[in-house]
Amino acid sequence: MRDIIQPVKTQDTFISPTKGKVTIPEMIAGISAFVEKEPSSFYRLVIGTDSQTRGLNGKAEIDFVTAVIVHRKGYGAKYFWRKIRTIKKPILRDKIYTETQMSLALAEQIVPQLRRAVSAAKYDLEIHIDVGALGPTREMIKEVVGMVNGNGYTAKTKPESWGASSVADKHA
């Protein structure tokens with residue numbers, strides 16, 4: 001079995017396009033405040049990770065960007081993101097597994113805190129995976145969707161995985 005890429009370090013801070021650097025509790029508070037502005041609306045909470053490989057001084061580096069998005073259906077969204085850099089060039093399968101694992105690990109970390117701040121009846125939680133039926137990742141769809149579903153979350157793939165393929169990709 002291949003080794004999955006391990007990030008060099010983890011981060012407990014995210015970037016908010018409007019507030020700058022925030023901690024996880026501040027991110028949860030921001031999500032809660034966004035929901036409280038329109039309490040009768042229904043929301044979608046999305047976690048997605050994308051990666052970008054770069055060469056630097058003859059070494060391969062991979063930036064993994066994880067985005068957390070709270071989407072008020074039909075009325076906008078708020079998002080937060082973080083970037084974690086690794087110093088190893090993986091094969092595509094390892095990158096996709098690492099992206100999925102990073103999203104799942106973050107969900108496990110923040111969902112209990114989020115449920116204390118916002119009723120679970122107010123939102124659907126989705127893990128967006130950057131795989132699709134038309135590209136080189138098509139052979140991995142069942143595997144990574146199974147990982148997400150097996151952990152109790154709803155998985156979305158391309159073209160519905162905009163949290164990974166658009167929002168996180170924007171910062172990768």
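Start with helix 3, residues 141-150: select Ile141, Val144, Val145 and Val148, which are buried. Buried means under 20% relative accessible area, exposed means over 50%, and partly exposed is in between (1.4 Å probe, protein chains only). Helices (H or I, at least four residues) and strands (E, at least two) are DSSP runs, numbered from the N terminus. An α-helix has 3.6 residues a turn, so residues three or four places apart point the same way.

Before you go on, note what you are looking at. This is a predicted model: local features need pLDDT of at least 70, side-chain atom pairs count only at pLDDT 80 or more, and totals for chains, interfaces and linings use all residues. Residues are numbered from 1 along each chain as its sequence is written, and side-chain values use heavy atoms, with hydrogens and water left out.

**Around helix 3**

Turn to the other side of helix 3. Lys142 and Gly150 are exposed there. Now show what the buried residues pack against: helix 2 (92-117), strand 6 (123-128) and strand 7 (154-156). Contact here means heavy atoms within 4.5 Å. Then step past the end of the helix to Gly152, whose phi is positive, near 90 degrees.

Next, select Glu143 and Arg93. They form a salt bridge, with the closest N and O atoms 2.7 Å apart. Glu143 lies in helix 3 and Arg93 in helix 2, so the pair ties together parts that are 50 residues apart in sequence. A salt bridge is a side-chain nitrogen of Lys or Arg within 4 Å of a carboxyl oxygen of Asp or Glu. Glu143 counts as partly exposed, at 33% relative accessibility. Arg93 is also partly exposed, with a relative accessible area of 23%.

**Strand 6 and its partners**

Select strand 6. Five of its six residues are buried. Three bridges join strand 6 to strand 7, and the two run parallel. The chain crosses from strand 6 through helix 3 to strand 7, and this β-α-β crossover is right-handed. To check the hand, point the strands away from you: right-handed means the path from the first strand over the helix to the second runs clockwise.

Strand 3 and strand 6 pair in the parallel sense over six bridges. Two strands pair if DSSP finds at least two bridges between them. Find Leu45 opposite Leu125, and Val46 opposite Glu126.

Stay with Glu126. Its side chain meets that of Arg44 in a salt bridge (3.8 Å, N to O). Arg44 is in strand 3 (residues 43-56) and Glu126 in strand 6, 82 residues apart, so the pair links distant parts of the chain. Are these two residues buried or exposed? Arg44 counts as buried at 18% relative accessibility. Glu126 counts as buried at 8%.

Select Lys73 and Asp124 next. This salt bridge has its closest N and O atoms 3.9 Å apart. Lys73 lies in the loop between strand 4 and strand 5 (77-86) and Asp124 in strand 6, so the pair ties together parts that are 51 residues apart in sequence. Lys73 counts as partly exposed, at 39% relative accessibility. Asp124 counts as partly exposed at 35%.

How many salt bridges does a search of the whole structure find? It finds seven. For a network of them, select Arg54, Glu61, Asp63 and Arg85.

**The hairpin**

Move to strand 3 and strand 4. They run antiparallel, joined by 14 bridges. They form a hairpin with two residues between them. Click Asn57 in the turn: its phi is positive, about 50 degrees. Then find Gln52, whose bridge partner in strand 4 is Asp63.

**Last stop: Ile69**

Select Ile69 in strand 4 (residues 59-72). Ile69 counts as buried, at 2% relative accessibility. What does Ile69 touch, not counting residues up to four places away in sequence? Its contacts are Arg44, Leu45, Val46, Ala77, Lys78, Tyr79, Trp162, Gly163 and Val167. Finally, draw a distance from the C-alpha atom of Ile69 to that of Ser165. They are 13 Å apart, and 96 residues apart along the chain.
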